[in-house]
Amino acid sequence: MSKWWRHGTIYQIYPRSFQDSDGDGIGDLRGIRRRIPYLAELGVNAIWLSPIFQSPMADFGYDISDYRAIDPIFGDIADFDRLLEEAHDAGLKLLLDFVPNHTSDQHAWFLESRSSRENPKRDWYIWCDPAPDGGPPNNWISNFGGPAWTLDEATGQYYYHAFLKQQPDLNWRNPELRRAMLDTLRFWLDKGVDGFRVDVIWHLIKDDKFRDNPPNPFYRPGQPDIDRNLQVHSADQEEVHEVIAEMRSVIDSYPERLLIGEIYLPVEKLMTYYGRSGEGVHLPFNFQLIQSPWQADALAKLIDDYEAALPEGGWPNWVLSNHDQPRIAARVGTAQARVATMLLLTLRGTPTLYYGDELAIGKVEIPPERIRDPWAANEPSAAFLRDSSRTPMQWDGSEHAGFSQSEPWLPLSGDWQQRNVDAAAADPDSMLAFTRKLLQLRQEEDILQEGSYSLLVSRGSVLAFERKLEGEIIGVVLNLSAEPTEVDLPPQLAAGTLLIAAQAADAPQELARTVTLAGDQGLVIRAAKEEIRS
Ligand code: GLC
Ligand code: MG
């Protein structure tokens, strides 16, 4: 097994919120450089940076006005080159965020495109005539609420935007646009980046007839606007796989690079993004742990179904949190977040860890006047507050938590004075120490990297499974509730050795056929060799 990303852990950094170096309250590349030793010591193998490119920041960098320039808020290209070099020197891979579905409305391409119907770049974006009544061409809705079409008065046509109106969608059916975008990938690959996470990759191709989406019969008021319709014609079109295969062949023309796709689709659909014979993305992000109820039976089933659905040669991956979703500790509580992290780091497949989850940063209250997410402005009632998952990393007990010299762009969590890297480093039982231990174990144990997965127990609040490789077994036993419970262990685990406990103070003195698990307990056990039957 040679591919680094099969045995490595990816760490997502939201650059605005990791480390500020120039005192403007916003994280930047020099800040990230300063924290490379921290990341290397944590034991992750790759960092993925949310977008750092030139942007008016309408959607905080997911609206790019120049794919090849670094936004001055984050630094310049020299800072980037140094960051890449220092990351590599520390043994870390560096992944960038590629946002191919849309640009900023300030991108030179869009300024040209909107300048006249005859402009050579008109067709680089998606322009349609108004409906007969003068309204939008069809019923497609923006992911951030409201119509997905905006009228350009000067040229009398509407342009499509799956997100904000400041984020016009590109037309991937246009061969010149395609070439320009693939060249962008080459630009960064030539610099030596190790791959990309591709933003909303399932959106790239839309129905060429622009048919209306059907209404969603299960829509309930209070859900986001986008859920009113089923996205049958506006996303996940068959032809998207050709586009992805082209990206993949660019990636494969460089050694050992990684292509990840952001895809929110049901499992059967998700699997198609590996490509028919592996020409899709290496890793279609698997967000099921985020979407599932936090219950043993639900999780056991989704893991089994996911394992069963993987195509030949398809490598699994798991995600617990990201910059668009509630943090894991906000969802299940800080004690249970340990169990969740144990699950993430012991499942079969590449884990992605979200910055700050190693501190179990929980729910952060954002006072109304400090809300920054543009989605919240569009849809105050329906929008989940993404700001709450994007708050600054908490480094120490000094003012602004060592994140910045001045007031950060988003507030810190209420408990930052106790919950920070400095405090955690001094506590052998901290979430940070626990996460490091798990990462180290994963690094050392081929069983955790390559071993097969099989479910042992899913009963009440207990989820237990085994990873097995060449006759060796590591077992994982999780209590998904805050209440203590009992579990019957199979002989090989009953006679095994406890490697890591989520609640070390309450760990069982010794393993036995029946073990009491404290609330929020999780155990990683090395099975006794003599008890393993093949
Ligand atoms: C992706 C990003 C999200 C962004 C959206 C539009 O879902 O993760 O943060 O707002 O795409 O680019
Ligand atoms: Mg700064």
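Predicted model: local features only at pLDDT ≥ 70, side-chain atom pairs only at ≥ 80, totals over all residues.
**Entry 1. Conventions.** I number residues from 1 along each chain as its sequence is written, letter chains from A and number ligands from 1 in the order in which they are written.

**Entry 2. Helices α12 and α15.** I looked up how helix α12 (residues 334-346) packs on helix α15 (residues 431-444), and found an angle of about 15° with the axes 10 Å apart. That angle makes α12 roughly parallel to α15. Helices (H or I, at least four residues) and strands (E, at least two) are DSSP runs, numbered from the N terminus. Axes are lines fitted to C-alpha atoms, for helices over the stretch in contact, and angles run from 0 to 180 degrees between N-to-C directions. Angles under 35 degrees count as roughly parallel, over 145 as roughly antiparallel, 65 to 115 as roughly perpendicular, and the rest as oblique.

I noted that α12 passes α15 in a right-handed crossing. A crossing is right-handed if the near helix is turned clockwise from the far one by less than a right angle, and left-handed if anticlockwise. From α12, the residues Ala337, Arg338, Thr341, Met342, Leu344, Leu345 and Thr346 meet Met431, Phe434, Thr435, Leu438, Leu439 and Arg442 of α15. The residues of this contact divide into eight nonpolar, three polar and two charged. Contact means heavy atoms within 4.5 Å. Ala, Val, Leu, Ile, Met, Phe, Trp, Tyr, Cys and Pro count as nonpolar, Asp, Glu, Lys and Arg as charged, and the others, Gly among them, as polar.

**Entry 3. Helices α6 and α7.** For helix α6 (residues 175-191) and helix α7 (residues 240-252), I have axes that come within 10 Å and cross at roughly 30°. This makes α6 roughly parallel to α7. The crossing of α6 past α7 is right-handed. Arg178, Leu182, Leu185, Arg186 and Leu189 of α6 meet Val243, Glu246, Met247, Val250 and Ile251 of α7. I sorted the contact of α6 with α7 by class and got seven nonpolar, no polar and three charged residues.

I also checked Glu238, in the loop between β9 (195-198) and α7. Glu238 is exposed, with a relative accessible area of 51%. Buried means under 20% relative accessible area, exposed over 50%, and partly exposed in between (1.4 Å probe, protein chains only).

**Entry 4. Magnesium site.** Which residues coordinate the magnesium ion (ligand 2)? I listed Asp20 (OD), Asp22 (OD), Asp24 (OD), Ile26 (O) and Asp28 (OD), at 2.1 to 2.3 Å. Along the chain, the donors follow the spacing D-x1-D-x1-D-x1-I-x1-D. Donors are N, O and S atoms within 2.8 Å of the metal (3.2 Å for Na, K and Ca); water is not among the atoms, so sites may look incomplete. Asp22 is partly exposed at a relative accessible area of 49%, and Asp24 is partly exposed at 35%.

Entry 5. Val476 is in strand β16 (residues 472-479). Leaving aside neighbours within four places in sequence, Val476 is in contact with Met342, Thr346, Leu463, Ala464, Phe465 and Leu523. Two of these contacts, Met342 and Thr346, are also listed on the α12 side of its contact with α15. The C-alpha atoms of Val476 and Val524, 48 residues apart along the chain, are 4.6 Å from each other.

Leu469 is in strand β15 (residues 462-469) and is buried, at 18%. Beyond four places in sequence, Leu469 is in contact with Asp446, Ile447, Glu450 and Gly451.

**Entry 6. Positive phi.** Glu470 lies in the loop between β15 and β16, has phi near 45°, positive in a residue other than glycine, and is exposed at 77%. His400 also has a positive phi, near 60°. I placed His400 in the loop between α13 (374-378) and α14 (421-425), where His400 is buried at 12%.

Conventions
Heavy atoms only, no water.
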